[in-house]
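Please read the following report beside the sequence and the model. It takes up strands, a helix, the nonpolar cores and the aromatic pairs in turn.

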Amino acid sequence: MLVTVDGIIIGKRAIGENNCFLDILTDEYGVIEVTAHGILKMNSRNSGACVLFAYSRFCLAKKGLKYTLNSAEPKFSFHGISADLEALSLAAYFAEIIKSTTAPEQEAAGFLRLMAISLFEIEKRRITFSQIKAVFELRVASMLGFTPDLRACRSCICYEHEKMYFDFSNSTIICSDCVGNDAELYTELTQSLLYTMRFIIYSPVEKIYHFNLSNSILLQLIQFCEKYLLHHLDRQFRSLDYYKSIKI
């Protein structure tokens, strides 16, 4: 059976001299492993559409849970990412998150678009890589079912307050009036940080990168989003360790 899907190649592993496995993120089937015969040959007609992080349309032969590449047509290739080590390592971190949380043969609607927009931002460099990383971490955590409840104080239901605190144990916020003497148990959220996090979670995915922050608030956002994602996934990522190592 032949199936046609749009997808982004988020992993590529050579098999011998000419063949390879492609890990392709799709809306319909999650992340699937596709065998690509002859793709590494110099004269392969599909090689341009099958580079790492290419966004392409794939025609696949499907037999059971196995996929073989029939043909591929490029839609967008993020060539600039592979030319920069920091950009490539950040994209690899995003890919590892997706691969570790997206099961094959299960619909993963929304993740493909998030990945495409995030790769576009990495390549265009309109904002810092640190901001892109933080936004992706918080948004993908929400899409995975770990949306923090940032709507209002869990006790008095106030939406705005001069100072809020975040409770990592149940992903809720509590205002300074209600926190009492337990403030040291929680993470303080300034108004600007809370508004930014609400924007990232509740805005259309096309807009989540469209904001500016002061350096101090951005630093708070960076620290919070990484901690939040890793807390809920309860694991570490080798690609994240590498990304941090080359930024030092």
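Strand β7 (residues 163–167) is mostly covered, as 4 of its 5 residues are buried, where buried means under 20% relative accessible area, exposed over 50% and partly exposed in between, with a 1.4 Å probe and protein chains only. Helices (H or I, at least four residues) and strands (E, at least two) are DSSP runs, numbered from the N terminus. This is a predicted model, in which local features need pLDDT of at least 70 and side-chain atom pairs count only at pLDDT 80 or more, while totals for chains, interfaces and linings use all residues. Residues are numbered from 1 along each chain as its sequence is written, and side-chain values use heavy atoms, with hydrogens and water left out.

Two strands pair if DSSP finds at least two bridges between them. β7 is joined to strand β9 (residues 187–190) by 4 bridges, and the two run antiparallel; within this pairing, glutamate 188 of β9 is the bridge partner of tyrosine 165. β7 also pairs with strand β8 (residues 172–175), again in the antiparallel sense and over 4 bridges, with aspartate 167 standing opposite threonine 172 of β8. The hairpin of β7 and β8 has 4 residues between the strands, and serine 171 there takes a positive phi near 55°.

Helix α2 (residues 85–101) has 17 residues and reaches 24 Å from its first C-alpha to its last, close to the expected 24 Å, the expected span being 1.5 Å times one less than the number of residues. The buried residues of α2 include Ser89, Tyr93, Phe94, Glu96 and Ile98.

Serine 239 is placed in helix α8 (residues 238–247) and counts as buried at 14% relative accessibility. Leaving aside neighbours within four places in sequence, serine 239 is in contact (heavy atoms within 4.5 Å) with Ser89, Ala92, Tyr93 and Glu96.

A nonpolar core is a set of buried Ala, Val, Leu, Ile, Met, Phe, Trp, Tyr and Cys residues joined through side-chain atoms within 4.5 Å. The largest such core holds 68 residues, and Ile98, Met115, Leu119, Ile122, Phe136, Leu189 and Leu221 touch the most other members. Helix α7 (residues 215–233) gives the most to this core, with 10 residues. Another core, of 18 residues, lies apart from it and has Ala36, Ala49, Leu60 and Ala72 among its members. Not counting residues up to four places away in sequence, isoleucine 98 touches Ile10, Leu25, Val31, Phe111, Met115, Phe136 and Val140.

Rings of Phe, Tyr and Trp (its six-membered ring) pair if their centres lie within 6.5 Å; planes under 30 degrees apart count as stacked, over 60 as edge-to-face and the rest as tilted.

| Pair | Centre to centre | Angle between planes | Kind |
|---|---|---|---|
| Tyrosine 29 and tyrosine 67 | 5.9 Å | 50° | tilted |
| Phenylalanine 199 and phenylalanine 211 | 5.7 Å | 75° | edge-to-face |

Tyrosine 29 lies in the loop between β2 (19–26) and β3 (30–36) and tyrosine 67 in strand β5 (residues 66–77), so their pair ties together parts that are 38 residues apart in sequence. Both tyrosine 29 and tyrosine 67 are buried. Phenylalanine 199 is partly exposed, with a relative accessible area of 28%, whereas phenylalanine 211 counts as buried at 12%. Ring pairs also link Tyr93, Phe94, Phe136 and Phe237 into a cluster.
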